[in-house]
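Here are my notebook entries from a first look around this model.

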Amino acid sequence: MIYGSADEWRAAAGKRVVLFGMSGLGKTYLASMLRDTGDWFHYSVDYRIGTRYMGEYIADNFKREAMKVPFLRELLMSDSVHIASNITFDNLAPLSTYLGKPGSPSRGGLPFDAYCQRQDQHRRAEIASLLDTRHFMDRAGDIYGTPHFVCDSGGSICEVVNPDDPDDPVLTALSRDLLLVWIKGSDAHTAELVRRFDRAPKPMYYQPQFLERAWIAYRVEKGLEADQVNPDDFIRWTYARALAHRQPRYEAMARRGVTILAEEVAQIRTPDDFTDLIATAIARKDS
């Protein structure tokens, strides 16, 4: 770890952390709260994915749909309109909409091969965006003079690294420059995330091997051909399994850093609270 003790963390002129864990446990809340002080630079990996690495794919998908409408087609062909995504830190809908869901096209699904192609695009984009972290750390200091840095990673970070490989290039790069901080949820948090997802299922990234197994197992269980799959039903069925798949991967990643609990995150109101919590987490690991 880049901070050898709680005292070293407290005394650091430049505090640098990467937050990871399941979506919905407080990563973006913490990052936004820290950013609003003006002393922390907030680097959103999902925002970087959606703008730098997948922005063209997203915009082309919008254009592809617009070309199906004669009125919009004519305007596009004459360069009379401009179509782009308005992705923000707080609204990543253009990215998730592009990722889509596999299943019946008549229900808004994608053919599985096309879906896997978009998943692979996301995997490559996420790895590149994570490796861009150092570049943004340098920019934060050089351009803005911001002393502290928080990397707000996506929930799928554990799917694009090998947590058990001591030489994994992404984790090696991150842990060399930042303190890895796992926000760990309880069983109750997991149950609530599942309930929330069931109400409003949204696209997400899956490890390829996990996705392939889930796609086969779901269709066998339901007795369906690929073009009969209800996309929302499939990702609802998959979600809890995906969370269970990710948990040991997060835990392995946390061996390179520290762990804080979602219940503890819920009590944080100020940057000083955050500093205290990380110091406590470092002390817990050292004990």
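**Entry 1: the second largest pocket**

I sorted the lining of the second largest pocket by class and got 4 nonpolar, 5 polar and 5 charged residues. For this I counted Ala, Val, Leu, Ile, Met, Phe, Trp, Tyr, Cys and Pro as nonpolar, Asp, Glu, Lys and Arg as charged, and the others, Gly among them, as polar. A pocket here is an open set of points on a 1 Å grid over the protein atoms alone, where a 1.4 Å probe fits, with protein on both sides within 12 Å along at least five of seven lines; lining residues have an atom within 4 Å of a point.

I then looked up the space in this second largest pocket, which is about 260 Å³. Of its 14 lining residues, Glu65, Gly108, Gly109, Leu110 and Arg118 are the closest to the centre. Two elements give two or more residues to this lining, α4 (55-66) and α6. The most comes from α4, with 3 residues. A volume is the space filled by probe spheres set on the grid points, which are joined across faces, edges and corners. Helices are DSSP runs (H or I, at least four residues), numbered from the N terminus.

A note on the source: this is a predicted model, so I keep in mind that local features need pLDDT of at least 70, that side-chain atom pairs count only at pLDDT 80 or more, and that totals for chains, interfaces and linings use all residues. Residues are numbered from 1 along each chain as its sequence is written, and side-chain values use heavy atoms, with hydrogens and water left out.

**Entry 2: the largest pocket**

Next I turned to the largest pocket, with a volume of about 870 Å³. I found 36 residues lining the largest pocket, and Ser23, Gly24, Asp46, Leu92 and Lys202 lie nearest its centre. Which elements each supply at least two residues of this lining? They are α2 (27-35), α6 (93-99), α10 (187-199) and α12 (231-254). By class, I noted 17 nonpolar, 12 polar and 7 charged residues in the lining of the largest pocket.

**Entry 3: aromatic rings**

I searched the whole structure for aromatic pairs and found 19. Rings of Phe, Tyr and Trp (its six-membered ring) pair if their centres lie within 6.5 Å; planes under 30 degrees apart are stacked, over 60 edge-to-face, and the rest tilted.

I picked Trp215 and Phe234: their ring centres are 5.1 Å apart and their planes stand at 85°, so this pair is edge-to-face. Trp215 belongs to helix α11 (residues 208-222) and Phe234 to helix α12, so the pair ties together parts that are 19 residues apart in sequence. (Buried means under 20% relative accessible area, exposed over 50%, and partly exposed in between, with a 1.4 Å probe and protein chains only.)

Phe234 also forms an edge-to-face pair with Tyr218, at 5.3 Å centre to centre and 80° between the planes. Tyr218 sits in helix α11, 16 residues from Phe234 in helix α12. I noted Tyr218 as buried too, with a relative accessible area of 1%. Ring pairs join Phe112, Tyr115, Trp215, Tyr218, Phe234 and Trp237 into a cluster.

I also checked for charges over rings (NZ of Lys or CZ of Arg within 6 Å of the ring centre and within 35 degrees of the ring normal). The charged end of Arg241 sits over the ring of Trp237, 3.8 Å from its centre. Arg52 lies over the face of Tyr53, at 4.8 Å from the ring centre.

**Entry 4: salt bridges**

My last search was for salt bridges (a side-chain nitrogen of Lys or Arg within 4 Å of a carboxyl oxygen of Asp or Glu), and the whole structure has 16.

Lys101 and Asp232 meet in one of them, at 2.5 Å from N to O. This pair links distant parts of the chain: Lys101 is in the loop between α6 and α7 (112-131), Asp232 is in helix α12, and they are 131 residues apart. Lys101 is buried at 18% relative accessibility, whereas Asp232 is partly exposed at 25%.

Arg134 and Asp138 form another, at 3.1 Å from N to O. They are 4 residues apart in helix α8 (residues 133-144), so about one helical turn separates them.
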